[in-house]
Amino acid sequence: MRLSRAFLPTLKETPTEAQIASHRLMLRAGMIRQTAAGIYAWLPLGLRVLQKVSAIVREEQDAAGAQEILMPTIQSAELWRESGRYDDYGKEMLRIRDRHDREMLFGPTNEEMVTDIFKTYARSYRDLPRNIYHIQWKFRDEIRPRFGVMRGREFLMKDAYSFDLDYEGAQKSYRQMFVAYLRTFARMGLKAIPMQADTGPIGGNLSHEFLILAETGESGVFLHKDLLEFDVMAAAPDYNGDLSPTVDFWTSRYAATDEKHDEAAWAQVPADKQVSARGIEIGHIFYFGTKYSAAMGLKVSGPDGTMITPEMGSYGIGVSRLVGAIIEANHDESGIKWPDAVAPFRVAVLNLKQGDAGCDAMCQRLYDAFPDDAVYDDRSERAGVKFNDADLMGYPWQAVVGPRGAAAGKVELKRRATGEKVELSLEDAIARIRG
Ligand code: ATP
Ligand code: MG
């Protein structure tokens with residue numbers, strides 16, 4: 001992307017309505033634009049990150065054996081009456097009437113709809129287990145939308161739903177998603193900690209919230225230090241074999257949000273291992289047994305002909321919230337420091353003297369070396385403006401080309417995360433950026 005032609009509406013001033021760093025930085029970097037309270041348009045830079053985050057979520061869901069579908073945003077009230085949640089859900093649900101005066105709603109979650117869809121297909125025990133998911137916009141009429149995309153009213157969620165024949169199977173599905181979540185967040189450069197959680201309006205009796213630590217988090221959290229030092233990708237390289245040891249490690253160390261905090265259990269944690277901090281919830285998994293299958297009449301025939309009511313679980317990830325959460329965990333005074341895996345572009349090529357034949361040629365070669373993964377700052381702006389914008393937008397690498405360097409065949413490469421700078425030949429710079 002050439003900045004001279006890009007739609008990147010950055011802000012010069014720090015927006016006063018934004019209370020936390022990620023919200024300020026997303027507005028300043030031109031990633032999002034608020035269109036109504038808690039509702040945002042995603043601009044090119046923000047959309048690229050949202051798509052990268054979605055892609056990692058999708059890859060891990062697929063690898064864990066879930067299958068993607070796409071359910072609509074608008075649902076009929078009828079479905080929600082079957083589960084009894086239409087009246088329970090309260091003011092957070094956006095209720096709509098169509099021209100025939102039929103009651104509709106903008107889905108805040110999809111347990112009812114997915115159970116209804118699955119019901120039309122599942123006949124026998126051979127149709128189970130299954131796990132199906134989608135990545136779709138949700139609407140919850142939050143009383144206090146704030147912190148930008150972190151607590152929006154319209155937000156993008158990945159929600160998966162598992163169907164199993166029995167308790168054992170359902171626990172296995174739960175463990176699969178548990179590990180999928182650990183891996184998904186680790187791939188984004190986040191240390192997410194699963195914590196015992198309340199089940200809230202989803203219902204059920206087993207649930208974990210996944211939180212990352214951040215000063216601006218809305219929940220107080222208490223956890224055992226070992227959990228922060230655990231290498232997820234090494235311990236759970238794939239979904240084969242028994243996942244219980246990985247899950248057991250996490251569930252055997254204390255970790256709770258303030259809602260579930262237990263002083264007596266906390267006192268058992270050695271003082272030098274106690275970490276109390278604040279956290280942001282980025283995912284939430286539930287096992288709720290037959291709550292929806294029983295209410296909505298989902299049954300399959302077992303091997304001996306008796307009817308079985310499947311056991312279910314649901315598994316949510318706040319995809320749009322993650323974009324803000326990743327920034328909360330990776331920024332400094334100058335701007336964002338994107339982890340490589342979710343960066344909108346891998347490298348920014350900064351031409352310090354637009355129109356200088358040597359600079360232009362070298363920048364073009366750098367830019368061409370990273371098709372669709374480089375931004376080229378080819379604007380006729382001062383060097384300082386280019387440096388500031390590149391720091392603000394947080395590309396992992398900056399390749400800086402000035403007339404002196406270009407004449408000597410050198411590029412100055414800066415790693416945004418550490419600030420480290422090295423001077424390299426064009427070929428070495430390209431190799432270094434490729435990693
Ligand atoms: P919270 O406690 O933060 O209100 P929740 O427990 O109501 O969230 P879940 O029903 O567990 O939310 O939804 C799954 C995930 O969707 C959450 O873990 C979170 O990452 C995300 N999410 C929920 N509400 C919002 C929101 N208003 N804006 C952005 N993301 C959200
Ligand atoms: Mg939750």
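This is a predicted model: local features need pLDDT of at least 70, side-chain atom pairs count only at pLDDT 80 or more; totals for chains, interfaces and linings use all residues.
The largest pocket has a volume of about 1,000 Å³. Its lining comprises 43 residues, and those closest to the centre are Arg140, Arg151, Glu281, His284 and Arg321.

The largest share comes from E13, with seven residues.

I come next to the metal. Which residues coordinate the magnesium ion, ligand 2? The donors are an OE atom of Glu281 and ND1 of His284, at 2.1 to 2.4 Å. Both residues have already been named among those closest to the centre of the largest pocket. As for accessibility, Glu281 is partly exposed, at 25%, whereas His284 is buried, with a relative accessible area of 11%.

Now to the cysteines. How many disulfides does a search of the whole structure find? The search returns zero. Cys359 takes part in none, and the nearest cysteine sulfur to its own belongs to Cys363, 6.2 Å away. For Cys363, likewise in no disulfide, the nearest cysteine sulfur is that of Cys359, at 6.2 Å. This pair does not qualify because a disulfide requires the sulfur atoms to be within 2.5 Å, and these are 6.2 Å apart. Cys359 is buried, with a relative accessible area of 0%, and Cys363 is also buried, at 0%.

Finally, the backbone. The peptide bond from Leu128 to Pro129 is cis, with omega near -5°. Pro129 belongs to the loop between helix H5 (111-119) and strand E7 (130-139).

Asp101 has a positive phi of about 70°, and its place is the loop between strand E5 (94-97) and strand E6 (103-106). Asp372 has a positive phi of about 60° and lies in the loop that runs between helix H13 (357-369) and strand E20 (374-377). Is Asp372 buried or exposed? With a relative accessibility of 60%, Asp372 counts as exposed.

Thank you for your attention.

Key. Residues are numbered from 1 along each chain as its sequence is written. Chains are lettered from A and ligands numbered from 1 in the order in which they are written. Side-chain values use heavy atoms; hydrogens and water are left out. Buried means under 20% relative accessible area, exposed over 50%, partly exposed in between (1.4 Å probe, protein chains only). Donors are N, O and S atoms within 2.8 Å of the metal (3.2 Å for Na, K and Ca); water is not among the atoms, so sites may look incomplete. On a 1 Å grid over the protein atoms alone, a cavity is a set of points where a 1.4 Å probe fits but cannot get out, and a pocket is an open set with protein on both sides within 12 Å along at least five of seven lines; lining residues have an atom within 4 Å of a point. Grid points are joined across faces, edges and corners, and a volume is the space filled by probe spheres set on the points. Helices (H or I, at least four residues) and strands (E, at least two) are DSSP runs, numbered from the N terminus.
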